Amino acid sequence: MKNIIHKIYQIRHFLLFILLFAYIQSIYTRIAVRRQINAYIFTPEAALATVIGAGILFLIILFFIRKWQGTDTFSNQTMLKIFGTSLLSFVISMQLIGLLIAFAFGNIERNFNQQAFTLSLFSDFLNGVIYGSFFLAYHYFNKNKKHQQKLAIYNQSLAESKINQLKAQLNPHFLFNNLNVLDQLIEEDKQKASDFLNEFAEIYRYVLQASDKELTDIDQEIDFAKQYFKLIQYKYGNAYKLNIETQNAKGFIVPLTLQLLIENALQHNIGSQENPVYIKINIDENIFVSNNINLKRNTKLTSGRALKNLKEQYQLLSKKPIEIHQTEKEFSATVPIIHKQSK
């Protein structure tokens with residue numbers, strides 16, 4: 001009983017619409033037939049009878065929906081089959097109910113003469129078409145709405161799963177690249193290697209914390225990029241130079257974005273004291289990262305997996321993708337600022 005009351009409460013607005021429509025329909029029909037307005041015109045018994053009939057029709061339609069439509073897939077052919085069979089069943093049911101009532105009150109000859117029967121048949125058919133259409137439209141609208149909600153939840157879960165997979169790839173990528181730097185420093189300068197290791201331990205904490213987030217504050221990412229670049233200077237000194245200009249630091253970006261773009265410049269270009277690689281980061285409406293090109297020679301071709309990884313994350317989280325441009329003299333990336341709360 002509670003379950004039935006709950007379902008009625010859920011569709012209360014639809015039932016109210018049906019009641020109002022039936023009432024207006026009864027008023028219009030009486031005025032059209034009688035061509036006069038009096039108190040009888042506004043009595044509700046005809047509307048209530050129509051609503052009861054509509055309720056019977058709705059139950060019939062639901063029966064055939066459950067019988068013939070076992071999946072969420074929408075089919076026009078199935079819908080027409082349900083509607084046609086329900087309409088026929090409704091008309092027959094209403095005529096049988098009318099016959100039983102007429103038999104009980106001894107009014108069969110008056111209620112089922114040719115003219116009355118034809119009028120009753122046409123009225124039931126018309127009501128079946130009108131109220132059946134209302135119900136099917138309402139039913140499939142709600143079904144589609146629920147399907148879209150399920151689809152949205154599924155897509156969100158899929159996106160979150162994909163992002164977690166991408167982040168799982170970036171953590172070892174960051175770790176191994178910096179361990180390679182540490183390995184080289186150990187051979188060149190043990191004191192620098194020791195200082196590098198201490199700095200790296202502090203920075204890697206941020207990387208681990210960022211693994212639990214889809215987005216991070218731009219301010220935090222700027223601080224991390226500066227700390228990361230200090231590690232670079234342990235090995236390369238002033239062969240690579242970083243300049244960050246900030247006009248607007250409000251918003252969020254994918255964690256490690258700036259670090260990966262700085263790393264991309266280091267990985268593909270060779271800098272020196274006389275001819276340094278300048279990495280510029282300008283943050284305004286978007287984040288613009290650029291560097292001059294001085295490509296390394298005799299190096300293995302890299303897959304660019306980290307940059308592809310980053311682009312995939314932005315495609316999942318933002319309507320605006322990362323834009324990459326490269327000329328003979330400059331590489332640049334335009335990264336959108338995401339204006340939503342980080343998780």
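Modeller: Helices (H or I, at least four residues) and strands (E, at least two) are DSSP runs, numbered from the N terminus. Two strands pair if DSSP finds at least two bridges between them. In this predicted model, local features need pLDDT of at least 70, side-chain atom pairs count only at pLDDT 80 or more, and totals for chains, interfaces and linings use all residues. Residues are numbered from 1 along each chain as its sequence is written, and side-chain values use heavy atoms, without hydrogens and water.

Colleague: How many residues lie between S6 and S7 in their hairpin?

Modeller: Three residues separate S6 and S7 in the hairpin. S6 (residues 323–326) and S7 (residues 330–336) run antiparallel and are joined by four bridges. Gln 326 stands opposite Phe 331 in S7.

Colleague: In what order do the five strands form the open sheet?

Modeller: The order is S2-S4-S5-S7-S6, with mixed pairing. S2 (240–246) and S6 are the edge strands, each pairing on one side only. S2 and S4 (residues 277–283) pair in the parallel sense over seven bridges; Asn 243 has Lys 280 as its bridge partner in S4.

Colleague: Which strands does helix H9 lie across?

Modeller: Axes are lines fitted to C-alpha atoms, for helices over the stretch in contact (heavy atoms within 4.5 Å). Angles run from 0 to 180 degrees between N-to-C directions. H9 (residues 257–268) lies across S2, S4, S5 (286–292) and S7, at about 155° to S4. Helix H8 (residues 218–236) lies across S2 and S4, running at about 165° to S2.
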